[in-house]
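Work through the following exercises with the sequence and the structure side by side. Each task is followed by a solution that goes step by step.

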Amino acid sequence: MSKYKPLRSEGAKFSVLIEKKAVWISFILFIICLAVMIVSTGSGSQFISPIDVIKVLVGKGEPTYEIIIMKLRLPRIVIAVLVGASLAVAGAVLQSIIRNPLASPDVVGITEGASLGAVLFIFIFGGTVSIHWMPLTSMAGAFLVTGLLYVLSWKKGVDPLRLVLIGIGLSAAIKSISYMLIISGPLQLAQRSLTFMTGSIYGTSWDKDVLTLLPWVAILLPLTWLQSRNVNIQALGDEVASSAGAHVQRHRIVLLALSVALAGAAIAIAGAIGFIGLMAPHMARKLVGSSFGNVLPVSALLGAIILLLADLAARTAFLPNDIPAGVLTAAIGAPFFMYLLYRNRNRY
């Protein structure tokens with residue numbers, strides 16, 4: 001019996017092989033993600049048992065618990081899932097098309113570009129314009145930095161190492177601009193922007209945050225998965241991909257645009273949460289191999305779980321203080337980045 005299941009559209013315009021092992025791992029991770037969501041929803045200054053959380057979710061819970069869960073905690077949990085999944089998939093795409101294990105939105109400067117766009121939105125409009133427009137400004141900043149990164153890295157093609165090194169430098173330069181704006185601005189906006197630069201999902205709501213991010217994720221994630229075949233071909237190298245009939249540069253631009261859009265939309269809501277896009281794809285490839293059709297859903301689930309756990313620890317380990325989730329993801333991600341550098345030391 002074959003361990004792969006083919007999925008093809010009519011006319012074979014889209015086709016991908018799904019490994020049965022990946023389906024089972026995705027199912028297990030989905031169950032783990034649901035369990036973490038339930039436990040996280042019940043955790044806080046007032047603990048609510050998982051049974052009571054489930055009762056509220058099915059409409060049979062106590063009114064007091066319903067207010068706490070539905071109004072205060074559940075939007076934050078949903079945002080953690082959406083943001084974690086988006087950043088993880090964005091990182092998986094970047095690592096695949098750049099063919100560099102160190103690539104991720106925060107490493108190559110995409111996160112800082114999106115953050116700068118969001119900070120500018122906060123300072124220019126300051127609450128006078130609907131927050132629903134922030135993802136567009138955040139994406140604009142991310143696309144601008146990505147274009148600049150691509151131009152600076154181009155020398156008879158884009159070398160993966162050169163792109164990462166220039167991205168690190170560009171990220172530092174853009175972050176300094178963001179901090180300069182924060183220091184020079186009004187205190188109230190500066191505090192909001194500083195929290196945003198750290199990365200936090202504190203104080204999220206259904207209408208302001210969940211309904212703003214959900215349409216972007218619902219559109220971009222499936223579109224990215226539909227590009228799985230192009231990602232797999234690009235992993236073989238430009239010459240092999242071209243000889244197989246692939247439009248390498250066009251596919252690369254489309255994939256890069258999807259990655260930047262996912263990262264920009266997520267960062268507009270949660271701020272500059274780092275290293276999820278670096279860690280989750282590596283963990284996914286360890287579990288299901290390198291086929292992008294398998295890596296993408298597993299990366300998305302792992303990214304969601306990582307951010308859920310980071311946020312759970314951030315708001316319960318230091319009560320009554322609520323630490324930004326980005327602090328914990330950075331604490332975990334920085335050693336992971338150093339480990340990758342050490343493991344690939346001969347390559348660089």
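**Exercise 1.** Determine which residues the UniProt annotation "transmembrane region" covers, and describe the spans 77-95 and 253-280 in this predicted model.

*Solution.* Begin with the record: the unreviewed UniProt entry places the annotation "transmembrane region" on residues 21-40, 77-95, 107-125, 131-152, 164-190, 253-280, 292-313 and 325-342. Next, take residues 77-95, a span that is 100% helix and 0% strand, with its end C-alpha atoms 27 Å apart.

**Exercise 2.** Compare the end-to-end reach of helix α14 with its expected span, and list its buried residues.

*Solution.* Helix α14 runs over residues 325-343 and therefore has 19 residues; the expected span is 1.5 Å times one less than the number of residues. For α14 this expectation is 27 Å, and the model's reach from first C-alpha to last, 27 Å, is close to it. Checking accessibility along α14, one finds Ala325, Gly326, Leu328, Thr329, Gly333, Phe337 and Leu340 buried.

**Exercise 3.** Decide whether Thr224 is buried or exposed, and identify the residues that it touches beyond four places in sequence.

*Solution.* First locate Thr224, which belongs to helix α8, residues 206-226. Its relative accessible area is 1%, and because buried means under 20%, Thr224 counts as buried. Leaving out residues up to four places away in sequence, the contacts of Thr224 are Val89, Val93, Leu258, Leu262, Phe292 and Leu296. Finally, the C-alpha atoms of Thr224 and Gly293 are 9.7 Å apart, although 69 residues separate the two in sequence.

**Exercise 4.** Assign Leu161 to an accessibility class and to a helix, and relate Leu161 to Arg99 in sequence and in space.

*Solution.* Leu161 lies in helix α6, which covers residues 160-184. With a relative accessibility of 29%, Leu161 is classed as partly exposed, because that class lies between the cut-offs of 20% and 50%. The C-alpha of Leu161 is 9.5 Å from that of Arg99, while the two residues are 62 apart in sequence.

**Exercise 5.** Summarise the protein chain by its secondary structure, burial, contacts and accessible surface.

*Solution.* Counting elements gives 14 helices and two strands, and of the 348 residues in the protein chain, 51% are buried. Among contacts between residues at least 6 apart in sequence, 73% join residues at least 24 apart. The accessible surface comes to about 16500 Å², with 68% belonging to carbon and sulfur atoms.

Definitions and conventions. Residues numbered from 1 in each chain as written. Predicted model: local features only at pLDDT ≥ 70, side-chain atom pairs only at ≥ 80, totals over all residues. Heavy atoms only, no water. Helix = DSSP H or I, 4+ residues; strand = E, 2+ residues; numbered from the N terminus. Buried < 20%, exposed > 50% of the residue type's maximum accessible area, 1.4 Å probe, protein only. UniProt positions renumbered as here; feature names shortened; annotations may be inferred. Contact = heavy atoms within 4.5 Å. Areas by Shrake-Rupley, 256 points an atom, 1.4 Å probe, with all protein chains shown as cover.
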